[in-house]
Amino acid sequence: RTPSFRCSPSSAEIMSGSGRLSGRVALITGASRGIGAAVARRFAAEGAHVVLVARTVGGLEEVDDTIRSNGGSATLVPLDLRDGEAIDRLGAALFERYRRLDVLVANAGLLGTLTPIAQVKPAEWAQVLDVNLTANWRLIRSLDPLLRASESGRALFVTSSVGHKVRAYWATYAVSKAALEMLVGLYAAEVQKTNLRVNLVDPGRTRTVMRAKAYPGEDPMTLRAPEEIIEVFVELAEPGCTRHGDIVAAQPDLA
């Protein structure tokens with residue numbers, strides 16, 4: 001659970017996008033907005049071909065337009081992550097096209113309603129757990145052979161401090177993240193002797209729609225934009241990085 005680290009990037013590389021992910025195939029969920037969209041744009045700028053997964057077609061197309069206008073390449077996959085069979089089909093399609101997957105960024109998530117545990121609606125509980133936990137298990141199940149086929153597979157999962165710190169009224173989201181952290185920890189242990197490296201990223205307080213929903217009275221301009229906190233994703237996705245089985249803070253100075 002080391003808060004932060006650096007592999008090799010210089011400040012010039014961070015600003016320019018100098019091919020640190022050149023030739024790598026990266027799949028990003030929740031890629032239509034917020035952190036997922038920022039990661040997609042940055043990965044493409046660093047030379048990766050990005051496979052963008054989200055339910056919102058319009059959002060995906062906007063991200064794709066930006067990537068292509070800057071010389072990058074992307075594949076759009078409109079998909080509801082609650083559909084496990086669709087995730088399986090996605091894995092098969094990636095195998096047919098690329099025979100491997102170099103990077104998975106499992107970013108998609110739902111907040112749910114912040115409310116006392118006894119008042120959580122069963123349908124909302126199921127929906128949040130389906131997206132935040134079960135979908136990530138299905139992604140592992142489908143994409144693990146492709147990640148192992150890469151010479152340097154990297155799997156990154158997005159978590160939150162509430163996954164390991166008790167915070168009243170956050171039950172649905174917090175339980176989903178706590179379970180995700182255990183799931184990813186187990187996965188990391190199981191692939192320890194392979195070339196695959198698995199980690200969790202805690203973005204911290206970031207200017208996103210989810211954050212605004214959780215804290216409606218907060219001034220969003222006091223928070224860092226998604227583009228300001230994604231360097232850690234690039235570092236963890238690089239072939240030369242060996243960090244494994246950790247929760248890494250994207251904003252260690254605010255942790």
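Visitor: What share of the 255 residues in the protein chain is buried?
Guide: Buried residues make up 53%. Buried means under 20% relative accessible area, with a 1.4 Å probe and protein chains only. This is a predicted model: local features need pLDDT of at least 70, side-chain atom pairs count only at pLDDT 80 or more, and totals for chains, interfaces and linings use all residues. Residues are numbered from 1 along each chain as its sequence is written, and side-chain values use heavy atoms, without hydrogens and water.

Visitor: Why are β3 and β7 called edge strands?
Guide: The open sheet runs β3-β2-β1-β4-β5-β6-β7, with parallel pairing. Strands β3 (73-78) and β7 (247-249) each pair on one side only. Strands are DSSP runs of E, at least two residues, numbered from the N terminus.

Visitor: How do you know that β2 and β3 pair?
Guide: Pairing needs at least two DSSP bridges between two strands. Strand β2 (residues 49-54) and β3 have six, in the parallel sense, so they count as paired. In β3, S73 is the bridge partner of H49.

Visitor: What does helix α2 touch on the sheet?
Guide: Helix α2 (residues 34-45) touches β1 (25-29), β2 and β4 (103-106). Contact means heavy atoms within 4.5 Å.

Notes:
Helices (H or I, at least four residues) and strands (E, at least two) are DSSP runs, numbered from the N terminus. Axes are lines fitted to C-alpha atoms, for helices over the stretch in contact, and angles run from 0 to 180 degrees between N-to-C directions. Buried means under 20% relative accessible area, exposed over 50%, partly exposed in between (1.4 Å probe, protein chains only).
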